[in-house]
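Welcome! Please take a look at the sequence and the 3D structure below, and then walk through the notes that follow.

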Amino acid sequence: MKKIYLILIIVLVLNGCSLNKPYVTIENSLRDLSEDEFKYINDMNKYTIEDFKYYELKVEGKKLDDVEVREITIPEEGLIKHALVEYEPNIWALLKSLSQDNKSENFFVYEYKFLLNMSEISVDELRDVLDEFEVRIHIKTKDGYEIEEECNLGLDLSIIE
């Protein structure tokens, strides 16, 4: 019984040491609209729910205390929208964005949401357009812990069904 407690204490201590490490997440996805979301499309008689998708990009970092290197490269939402509309003018690249990256804070978040009319563009064509954009993150703490993340928006696009 004492061995179980000792093992449990060791596991908890080791996990506790990693709880304060910084971490980064990148979500890059394309998903269908819900029925409720589709209700807000003005021209519902002209389109079907299958014509639309949400493209979402969320880049987030937390627990960034004691960071000596904090490099975040993320494409501006306007550049993504411009590339989409240039490829297919009827794509309706509507945008909702949020960004907060204050170096004095111990976190950052970038979130872009595009409502896309996909009736004239395939998922493969969308991947081709997004392929020119990348997210790159390099975080290094004063004690040497390092995170390097890269995401090509076209190649790494997740399809959520």
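## A sheet, some rings and some charged pairs

Three strands form an open sheet in the order β3-β6-β7, with antiparallel pairing. Its edge strands are β3 and β7 (146-152), each of which pairs on one side only. Ignoring direction, neighbouring strands of this sheet are turned by 0 degrees against each other on average. This is a predicted model, in which local features need pLDDT of at least 70 and side-chain atom pairs count only at pLDDT 80 or more, while totals for chains, interfaces and linings use all residues. Residues are numbered from 1 along each chain as its sequence is written, and side-chain values use heavy atoms, with hydrogens and water left out.

**The sheet, strand by strand**

- Helices (H or I, at least four residues) and strands (E, at least two) are DSSP runs, numbered from the N terminus.
- Two strands pair if DSSP finds at least two bridges between them.
- Strands of a sheet pair through backbone hydrogen bonds, either parallel or antiparallel.
- β3 and β6 pair in the antiparallel sense over 6 bridges, and valine 67 stands opposite threonine 141 in β6.
- Strand β6 (residues 134-141) also pairs with β7 in the antiparallel sense, over 7 bridges.
- Glutamate 134 has asparagine 152 in β7 as its bridge partner, and lysine 140 has glutamate 146 in β7.
- The hairpin of β6 and β7 has 4 residues between the strands, and glycine 144 takes a positive phi near 95 degrees there.

- Most residues other than glycine have a negative phi.
- Which loop holds lysine 63? Lysine 63 is found between β2 (52-62) and β3 (67-73).
- Lysine 63 has a positive phi of about 60 degrees although it is not a glycine.
- Aspartate 66, also found in the loop between β2 and β3, has a positive phi near 55 degrees.
- Here is how accessibility is sorted: buried means under 20% relative accessible area, exposed over 50%, and partly exposed in between (1.4 Å probe, protein chains only).
- Lysine 63 has a relative accessible area of 33%, so it is partly exposed, whereas aspartate 66 counts as exposed because its relative accessibility is 54%.

**A buried leucine**

- Leucine 130 belongs to helix α4 (residues 123-130).
- Is leucine 130 buried or exposed? Leucine 130 counts as buried because its relative accessibility is 0%.
- Leaving out residues up to four places away in sequence, leucine 130 touches Tyr55, Ile80, Asn152, Leu153, Gly154 and Leu157, where contact means heavy atoms within 4.5 Å.
- The C-alpha atoms of leucine 130 and alanine 83 are separated by 8.0 Å, and these residues are 47 residues apart along the chain.

**Aromatic rings**

- Rings of Phe, Tyr and Trp (its six-membered ring) pair if their centres lie within 6.5 Å; planes under 30 degrees apart count as stacked, over 60 as edge-to-face and the rest as tilted.
- How many aromatic pairs does the structure hold? There are 6 aromatic pairs.
- The ring centres of phenylalanine 38 and phenylalanine 52 are 6.2 Å apart and their planes are at 50 degrees, so this pair is tilted.
- Phenylalanine 38 lies in helix α2 (residues 35-38) and phenylalanine 52 in strand β2, so the pair ties together parts that are 14 residues apart in sequence.
- Both phenylalanine 38 and phenylalanine 52 are buried.
- One aromatic cluster is formed by Phe38, Tyr47, Phe52 and Trp92.

**Salt bridges**

- A salt bridge is a side-chain nitrogen of Lys or Arg within 4 Å of a carboxyl oxygen of Asp or Glu, and by this rule the count comes to 12 salt bridges.
- Arginine 70 and aspartate 101 meet through their side chains in a salt bridge (2.6 Å, N to O).
- That pair links distant parts of the chain, 31 residues apart: arginine 70 is in strand β3 and aspartate 101 in the loop between β4 (94-100) and β5 (108-117).
- Arginine 70 counts as buried because its relative accessibility is 13%, while aspartate 101 is partly exposed, with a relative accessible area of 28%.
- Lysine 113 and glutamate 111 also meet in a salt bridge (3.8 Å, N to O).
- A network of salt bridges links Arg31, Glu37, Glu56, Glu111 and Lys113.

Key:
Axes fitted to C-alpha atoms, helices over the stretch in contact; angles between N-to-C directions.
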